Amino acid sequence: MRQAIMPKPGIIEFQQVADPSPKAGQVQIRVQRIGVCGSDIHVYYGKHPFVSYPLIQGHEFSGVVEAVGHGVDNIKIADKVTATPQEVCGQCPPCRRGQYNACEVLKVRGFQAPGCAQDLFVTEADKIVKLPDNFIPEQGAFVEPVAVAVHSTGQAGDLTGKNVVVSGAGTIGNFVAQACKSRGAKKVLITDISDYRLEIAKQVGIDAVCNVKNQSLEDAVKQEFGDDGFDVGVEVAGVEASLKSLVTGVGKGGTVLIVGVYEEMPKVDMSVVCEHELTVKGSMMYRHDDWVQAVEWMASGQVKTAPLDSKHFSFEDYLLAYKFIEDEGDKVMKVMIDLN
Ligand SMILES: [Zn+2]
Ligand SMILES: [Zn+2]
């Protein structure tokens, strides 16, 4: 089978390797689609702090089951599936608490462990998430980023009837905004500095958008929420200014949820957190249940993914996908690699 390997940043080489076969408890998947995400781009540029090269990328994917190992009876050949990428120890304190997404020795496939950028991928049956028969391959590859949104919004407490501001309208921000609506938020305002991304946010039905290049968050909040303001701010952009505006803007007793990744350590006025009795919450990836919920919300149409499907490249053109993302800047949401 074909396998794509990144020997060092900025280079992808293809090699022929033996087909991996499933051992007991494992499943062999013919990979159909792989999504390229922000963390992959960090790896491509050699800017990911926790990887070493060579590595095999790919952690957002879908495929069809081709073979199952001994003892696997709940997954059948031809099932449409995706799979969680975390390798965890099961022994450390977070794992023992069930918080295995924060395992002390967590390895994520595509980063610290080999990913799925190959024709056939073998994984443990308990990492498999089944997809509805009517899902197209693209939907399967979107489950991972949707699961990020499911998990993170689950960290923000009960969102029923709440006003929410989501800062950052890229793929994750978009799904976070949709997940807030799925969790019963009254109104969601999403902000960005890209009109293109805000247009996609409108297409998936987010209540209100604001380009913070043209309008301050404060004005937009007044316009959309009036005197009620907002109860929850979700920082997805990974930008200090955005974090500051959420901390100072959210209503007293409100919550600020951190989903973004910061290249530099942001400075925040903790006296506002103190005096306004704010809750600041973090979120780390997801757990298996979040993936199942993601599939349900996608199947019911509560979370829409099609408008985010920007462009596809063939497996051989993997590198062109990165060049496309580089050239298009903020005019791209999700780029996918087509294998089979
Ligand atoms: Zn990803
Ligand atoms: Zn652990």
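Donors, in what follows, are N, O and S atoms within 2.8 Å of the metal. Keep that in mind as you explore this predicted model.

**Stop 1: the zinc ion.** Select ligand 1, the zinc ion, together with Cys37, His59 and Glu60. These residues are its protein donors, through SG of Cys37, NE2 of His59 and OE of Glu60, at 2.1 to 2.4 Å. Along the chain, the donors follow the spacing C-x21-H-E.

**Stop 2: two domains.** Next, colour 2-148 + 286-338 as domain 1 and 156-282 as domain 2. Their centres, taken over C-alpha atoms, are 28 Å apart. The contact draws 19 residues from domain 1 and 18 residues from domain 2.

Stop 3: How much area do domain 1 and domain 2 bury between them? About 1600 Å², with 66% of it on carbon and sulfur atoms. On the domain 1 side, select Trp297, Asp330 and Met333: these lose the most area to domain 2, together 33% of what that side buries.

Which contacts cross the interface? Between the domains there are 0 salt bridges, but 3 residue pairs are in polar contact. Then highlight helix α3 (residues 137-154), which gives 4 residues, the largest share of the domain 1 side that touches domain 2. Finally, colour that side by residue type and you will find 10 nonpolar, 5 polar and 4 charged residues.

Note on methods. Residues are numbered from 1 along each chain as its sequence is written. Chains are lettered from A and ligands numbered from 1 in the order in which they are written. This is a predicted model: local features need pLDDT of at least 70, side-chain atom pairs count only at pLDDT 80 or more; totals for chains, interfaces and linings use all residues. Side-chain values use heavy atoms; hydrogens and water are left out. Domain bounds come from an automatic or database domain assignment. Contact means heavy atoms within 4.5 Å. Buried area is the accessible area (1.4 Å probe) that two parts lose on being put together, summed over both. A salt bridge is a side-chain nitrogen of Lys or Arg within 4 Å of a carboxyl oxygen of Asp or Glu. A polar contact is a pair of N or O atoms within 3.5 Å; within protein, one must be able to donate a hydrogen and the other to accept it, and residues adjacent in sequence count only if both atoms are side-chain atoms. Helices (H or I, at least four residues) and strands (E, at least two) are DSSP runs, numbered from the N terminus. Ala, Val, Leu, Ile, Met, Phe, Trp, Tyr, Cys and Pro count as nonpolar, Asp, Glu, Lys and Arg as charged, and the others, Gly among them, as polar. Donors are N, O and S atoms within 2.8 Å of the metal (3.2 Å for Na, K and Ca); water is not among the atoms, so sites may look incomplete.
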